[in-house]
Amino acid sequence: MLLLLVAAGIFVYFRFFFVFGEGVKSGELNYVVYKGVLFKTYEGKLIQSGIRSKTVGSVQSYEFEFSIDDEALARELMLQGGKTLELHYKEYFGALPWRGFTKFIVDSIVAFPAAVPPATEAPAVSATKPAADEQPVPEAMPSAEEQPSPEEPLPSEEEQPISGFTV
C-alpha cells in the first residue's frame, strides 16, 4: 500500500510539477485573456514568424499558446497586445486546471519592443554670410558642374573624399 502511494506521488510530481523544459519564444503577442468556468486563468497566444502546414494544401502561422499564473505579469502582457515580445516559459508534462489550460507557463518577459525615438526637426539653417575668419559650411548636395558626367568614370573608392579628407 505504501509503495503504491509513493509511486502515485512520484507520478503526480513528474506529470504536473517537474519542469520538463524551459525556453524563450519570440513573436507578436496576439492576445491575453482571463477565462475559465471553475478555475479562472490567464491564457495567451503568440504569433511567430514563418508558416507551416498541418494538412496538405493549407497554410497556417506558427502559434504559441500559453498560460500565465502570475496576475501582475498577465496584466502587463495585456497592455502589450500587438507588439513583438520575447517570453520566457516553462514546459510541464501535464496541465493543471488552476494553473492554466496549456502545458506552457510564461513566467517573464525577456525583451520588450525597442522604443522608436521621436522624430526631430531639422536644424535651422542660417542665411547669413560667414565671417572672414570662419570657414563656409559645405553644401549637402554638389552643384551641377561638380557632379560627374555620364561619360566620365567615377573615382575609385580610395580617391573618394570622406568627410572632406582624401584617403
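Predicted model: local features only at pLDDT ≥ 70, side-chain atom pairs only at ≥ 80, totals over all residues.
1. Strands β3 and β5 run parallel and are joined by 2 bridges. In this pairing Ile-68 stands opposite Val-106 of β5.

2. On the β4 side, β5 pairs with β4 in the antiparallel sense, over 6 bridges. His-88 has Ser-108 in β5 as its bridge partner.

3. How many salt bridges does the structure hold? There are 4. One of them joins Glu-63 to Lys-45, with 3.4 Å between the closest N and O atoms. Glu-63 is in β3 (residues 60–68) and Lys-45 in β2 (residues 41–52), so the pair connects parts 18 residues apart in sequence. Is Lys-45 buried or exposed? Lys-45 counts as buried, because its relative accessibility is 12% and the limit for buried is under 20%. Glu-63, by contrast, is partly exposed at 31%. Lys-45 and Glu-63 also belong to a network of salt bridges that includes Glu-65.

4. A further salt bridge lies within a helix. Arg-75 pairs with Glu-71, the closest N and O atoms being 3.7 Å apart. Both residues are in helix α2 (residues 71–78), 4 residues apart, which is about one turn of the helix. Arg-75 is partly exposed, with a relative accessible area of 43%, and Glu-71 is partly exposed at 46%.

5. Ser-67, in strand β3, is buried at 0% relative accessibility. What does the side chain of Ser-67 make a polar contact with? The partner is the side chain of Thr-102, at 3.0 Å. Leaving aside residues up to four places away in sequence, Ser-67 touches several others, among them Tyr-42, Glu-43, Arg-99, Gly-100 and Phe-101. Its contacts also include Phe-104, Ile-105 and Val-106; Val-106 is the residue of β5 that stands opposite Ile-68.

6. The structure holds 11 aromatic pairs. One of them, Phe-14 with Phe-18, is tilted, with 5.1 Å centre to centre and 50° between the planes. Phe-14 is partly exposed at 39% relative accessible area, as is Phe-18 at 29%. The rings of Tyr-34 and Tyr-42 have centres 4.5 Å apart and planes at 35°, so that pair is tilted too. The two tyrosines fall into separate accessibility classes: Tyr-34 is partly exposed at 47%, whereas Tyr-42 is buried at 6%. Tyr-42 is also one of the residues that Ser-67 touches.

7. Which residues form one aromatic cluster? Tyr-13, Phe-14, Phe-18, Phe-20 and Phe-93 do. The tilted pair of Phe-14 and Phe-18 is part of this cluster.

8. Arg-99 has its charged end over the ring of Tyr-92, 3.9 Å from the ring centre. Arg-99 is also among the residues in contact with Ser-67.

Terms used: Residues numbered from 1 in each chain as written. Heavy atoms only, no water. Salt bridge = Lys/Arg side-chain N within 4 Å of Asp/Glu carboxyl O. Buried < 20%, exposed > 50% of the residue type's maximum accessible area, 1.4 Å probe, protein only. Polar contact = N/O pair within 3.5 Å; in protein donor to acceptor, adjacent residues only side chain to side chain. Contact = heavy atoms within 4.5 Å. Pairing = 2+ DSSP bridges. Phe/Tyr/Trp six-rings, centres within 6.5 Å; stacked < 30°, edge-to-face > 60°. Lys NZ or Arg CZ within 6 Å of the ring centre and 35° of its normal.
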